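Please consult the sequence and the model alongside the text.

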Amino acid sequence: MRRLVLGLVLVMSGCNYDAPSEITCVAADLRAGYTCVGGYWVSTGVADVGLTDVTTDQSVDTPPDLTCTRPTVAEFCASLTKNCGTVSGTDACGEARMEECGACIAPDTCQTDNTCTCTPEEDAAFCDRLGKDCDDTTAPDNCGVTRTVNCGSCETGQCGDDAPNVCGCPCLVDGTCVAEASRNPANQCEVCDSAASATGWTLATGLSCDDQDKCTTTDVCDAAGICAGAAKDCSALGEICKAGQCDAANGNCIAVNKPEQTACTDDGLACTADVCVAGACENSLLPDTCLISGTCAAANE
C-alpha cells in the first residue's frame with residue numbers, strides 16, 4: 001500500500017482531505033477542523049490548492065478510496081453470511097462496523113454464530129405439542145421434519161378410543177376412568193361395556209368367571225350377575241361302600257367310605273344282611289336262617 005508523509009494536504013474539488021497525526025477515527029470522535037469520514041479524519045478548513053510539503057518523519061497508510069460505495073446493512077450482513085443478532089466486522093470498503101443483522105422467524109432461533117437455525121424439539125415436547133399421549137405418532141416436528149415418536153401408554157382407558165394416539169375413557173365409573181372390557185373389582189360378572197353404558201358397570205351374562213370353589217367346573221356369570229359352576233363329577237371312583245368325592249382343598253377326586261351300616265348288596269342272598277362297615281360290604285345271616293352250600297334255608301328245616 002502506498003504511504004504518504006504525515007502532514008501532506010490534499011485539496012480536490014474544493015474538499016480538503018488532511019492527514020493529522022492520528023489518521024484513523026470513529027464516528028463518535030470530535031476534532032477541531034476535521035470530520036470523521038469512512039474511518040479517517042477529513043479536513044474541513046483548508047482552501048489551498050495543490051500539495052504542501054511539511055517536514056516530518058512519521059508516515060501513515062494511504063487514505064481509503066473515497067469512491068467506494070458504503071454497503072447497506074443487508075449487504076454487510078450478507079457478505080459475512082450472518083442473518084441475526086448484533087454482528088461486528090469489516091465491510092467491503094474496509095470500514096469496521098457493528099450492525100443488527102435481523103431476527104429469526106420461528107421455529108428458527110439465533111445461534112451463537114449469528115445464523116438462524118431450527119433446534120429439533122425433544123420427544124416429550126413433540127408429543128405434548130401434538131396432544132398425543134400413547135403409541136407411535138408420526139407427524140412433522142417443530143422444524144418441519146417428519147418423525148415417528150412413541151408417546152407412551154395409557155394407565156387407564158384405551159389408546160385411540162376417542163382420538164388417534166390419545167388415551168380415551170370408555171367408562172367413567174364413580175369418577176374413575178375404566179378401560180373397555182375391564183371387570184368390576186367387586187364383582188367379576190360386571191364389566192365396562194361402553195356400548196351399553198359409559199358411566200357404570202354392565203352385567204356380563206355368560207362370561208367365564210371363577211367362583212373360587214375348586215369343586216366346580218365351567219364357572220360362568222348368570223343373568224343375576226352371580227358366578228357359579230357345575231359340581232365336579234367324581235362318580236368314577238365310586239364303589240359298593242365307597243363314594244367318589246371332590247376334595248375341597250385341592251379339587252381332586254377321592255374315594256371316601258360311605259356311612260357305616262349303609263345297605264349294600266354284593267352276595268345276592270336273601271338270608272344275609274349286607275351293610276357297609278369301614279368302607280367294605282359285610283354279610284351276616286338273618287335270624288332264623290341258615291346258609292347251606294350257598295343256599296339260604298330256614299332254621300329247623
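The points below cover disulfides, strand pairing and one loop glycine.

The model is predicted. A search of the whole structure finds 18 disulfides, among them Cys25 to Cys36, Cys118 to Cys143 and Cys154 to Cys167. Strand pairing is described for an open sheet of three strands and for the hairpin of S11 and S12.

**Disulfide Cys25 to Cys36**

- The sulfur atoms of Cys25 and Cys36 are joined at an S to S distance of 2.0 Å.
- Because the torsion about the S-S bond of Cys25 and Cys36 is about 95°, this disulfide is right-handed.
- Cys25 lies in the loop between strand S3 (15-18) and strand S4 (34-37), while Cys36 lies in strand S4, so the pair ties together parts that are eleven residues apart in sequence.
- Cys25 has a relative accessible area of 10% and is therefore buried, whereas Cys36, with a relative accessible area of 21%, is partly exposed.

**Disulfide Cys118 to Cys143**

- Cys118 and Cys143 are joined with an S to S distance of 1.8 Å.
- The link of Cys118 and Cys143 is left-handed, with -90° about the S-S bond.
- This pair links distant parts of the chain, 25 residues apart: Cys118 belongs to strand S10 (residues 116-118), and Cys143 to the loop between S11 and S12.
- Cys118 counts as buried because its relative accessibility is 18%, under the 20% cut-off; Cys143, at 25% relative accessibility, counts as partly exposed.

- In the disulfide of Cys154 and Cys167, the sulfur atoms are 2.0 Å apart.
- The link of Cys154 and Cys167 is left-handed, with -100° about the S-S bond.
- Cys154 is in the loop between S12 and strand S13 (159-163) and Cys167 is in strand S14 (residues 166-167), so the pair ties together parts that are 13 residues apart in sequence.
- Cys154 is partly exposed, with a relative accessible area of 21%, and Cys167 counts as partly exposed at 24% relative accessibility.
- Cys290 is in no disulfide; the nearest cysteine sulfur belongs to Cys271 and is 8.5 Å away.
- Cys290 is partly exposed, with a relative accessible area of 28%.

- S11 and strand S12 (residues 146-150) pair in the antiparallel sense over five bridges, and Thr137 stands opposite Val149 in S12.
- In a regular strand the side chains alternate between the two faces of the sheet.
- Strand S11 (residues 136-140) has a covered face with Thr137 and Ala139, and an uncovered face with Asp136, Thr138 and Pro140.
- Five residues stand between the strands of this hairpin, and Gly144 takes a positive phi near 85°.

- The open sheet has the strand order S17-S18-S19, with antiparallel pairing.
- Strand S17 (183-184) and strand S19 (202-203) are the edge strands, each pairing on one side only.
- Strand S18 (residues 187-191) pairs with S19 in the antiparallel sense over two bridges, and Glu190 stands opposite Leu203 in S19.
- Gly200 is found in the loop between S18 and S19 and is buried, with a relative accessible area of 15%.
- Not counting residues up to four places away in sequence, Gly200 touches Val173 and Val191.
- Gly200 and Val173 are 27 residues apart in sequence, yet 5.1 Å apart in space, C-alpha to C-alpha.

Methods:
Residues numbered from 1 in each chain as written. Predicted model: local features only at pLDDT ≥ 70, side-chain atom pairs only at ≥ 80, totals over all residues. Heavy atoms only, no water. Pairing = 2+ DSSP bridges. Helix = DSSP H or I, 4+ residues; strand = E, 2+ residues; numbered from the N terminus. Buried < 20%, exposed > 50% of the residue type's maximum accessible area, 1.4 Å probe, protein only. Contact = heavy atoms within 4.5 Å. Disulfide = S-S within 2.5 Å.
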